[in-house]
Amino acid sequence: MNGSVILKDIFALVTCDSNDNVYNSVDVFVENGEIKEIGKNIDKGVDEVIDCSNYIIYPGLVNTHHHFFQTFVRNRQDINYPMMTVIEWLDKIYKIFQNIDEDMIYYSTMTALSDLIKHGCTTAFDHQYCYTKKSGTYLIDRQMEAAGQLGIRYHGGRGTNTLPREKGSTIPDNMRENTVDFIKDCERLIDKYNDNSKFSMQNVVIAPCQPINCYEDTFIESVNLAKAKNARLHTHLGEGENDQMFERWGKRTLEWCEERGFIGENVWYAHCWELEKDEYLKMASTKTGLSHCPNPAVLGGFPILDLKELKEQGVILSLGCDGSATNDGSNLLDSVRLAYLMQTFHSKQRGGCVDAYDILKMATVGGAKTLGRDDIGDLSVGKAADLFAIDINKLELSGSLHDPKNLIARLGLTGEVKFTMVGGNTIFKDGELLNVDEIKLAEKANLLYKKL
Ligand SMILES: [Zn+2]
């Protein structure tokens, strides 16, 4: 794998580069996973030439928030997020998640990652914070195994909850850990898997679940470890906890995080729909990233982020599916369109909204920046050959090819892509995951989820 390939005569190459170039009828030469040349009529002896005259090619999507362990509770009649209070919902799902074990993590990760790959995702982050006595702590290890087998880049977020229920946590006590053990396991994972080099396939993120469910020292020690190990930090923020935080600490969550050093260039937060305008400025000035998760925001009926203003303020924006207990799917292409539709809903009141293409950039270059990577996210020379193709000879796309940049968010592509490539290796093509036996995996996964 990782030999040389030419993507020949591409109908349209949407690069998402700094000049927003879209090229027609060009070739892309890839060697050892890296884009070496983009131009007309590239003539080189290579291992493979792929005729792309009927394809639009986009940079691979980067997912910046998810909880793979929730994948096996999709479409359950007793979990209907829009119709439940948050407390009813939490009490329901966490009772179920106490049955999770290593195998369930492996197969639910396989399931979620397959969905992501089939819809153009080439780098996935997961926020794994479900640790019980039954599950043990080797869960990110099993996720690394799954991602490695599929061939996708994977950033594993080691989460935790440390505060007991009686002190205001929303998590059941037997999903609780202590800060010392958590930090020790983060260290173990970082030493074993964290790779910050160019074209890295594996990364580890220190990711306490959320401030409301943790002791203060969990966040402080996370910041210290991130500094010592040059790792990134992630948590949930501004998703309905601010009143409770104010009651407990006399301040809002963002200020609380800032005081503990849990903010800055190596940090990103999920959701943030509670942020106020002055907090947008704080996010921008500290270069803290924001992962917008449109699906749970709609299902939960939460306020719609003002992406136009956030973009104008310079906040680093990316897109996430979020866990399947609030999404029911792991399709980031679907989230691109939903995010766009949500912005258009308020466009007249807000004096306009971001372009459809801006949302695609959030899901590509924005995601790369959020994960601290300058080697992926756009298609230019020197970047990884992480990309996906869609076939223009599909009747449902006829009449829509005027503007490939905006196509994804405006049309909504819910079907599988033609192929997905990571580091020059095709990992999905014509409906088939090329590195694993999908039928076998699905059979096992279908047996396992019933145990939940
Ligand atoms: Zn989440």
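Colleague: Is Cys-293 buried or exposed?

Modeller: In this predicted model, Cys-293 is buried, having a relative accessible area of 2%, where buried means under 20% relative accessible area, exposed over 50% and partly exposed in between, using a 1.4 Å probe and protein chains only. Local features need pLDDT of at least 70 and side-chain atom pairs count only at pLDDT 80 or more, while totals for chains, interfaces and linings use all residues. Residues are numbered from 1 along each chain as its sequence is written, and side-chain values use heavy atoms, with hydrogens and water left out.

Colleague: And how many disulfides does the structure hold?

Modeller: The structure holds 0 disulfides, a disulfide being a pair of cysteine sulfur atoms within 2.5 Å.

Colleague: What about Cys-52?

Modeller: For Cys-52 the closest cysteine sulfur is in Cys-16, 17 Å from its own sulfur, so a bond is ruled out by distance; Cys-52 counts as buried too, at 0% relative accessibility.

Colleague: New topic: which residues are the protein donors of the zinc ion?

Modeller: They are His-65, His-67 and His-236, each through NE2, and Asp-322 through OD, lying 2.1 to 2.6 Å from the zinc ion. Donors are N, O and S atoms within 2.8 Å of the metal (3.2 Å for Na, K and Ca), and water is not among the atoms, so sites may look incomplete.

Colleague: What is the geometry of that site, going by the angles?

Modeller: The site is irregular, with angles of 86 to 176 degrees among the 4 donor atoms. Four donors count as tetrahedral if all angles lie between 85 and 135 degrees; four count as square planar and six as octahedral if opposite donors are over 155 degrees apart and all others between 65 and 115, and anything else is irregular.

Colleague: Where do His-67 and Asp-322 sit in the chain?

Modeller: They are 255 residues apart and link distant parts of the chain, with His-67 in the loop between strand 8 (61-63) and helix 1 (86-97), and Asp-322 in the loop between strand 15 (316-319) and helix 11 (332-345). Helices (H or I, at least four residues) and strands (E, at least two) are DSSP runs, numbered from the N terminus. Both His-67 and Asp-322 are buried.
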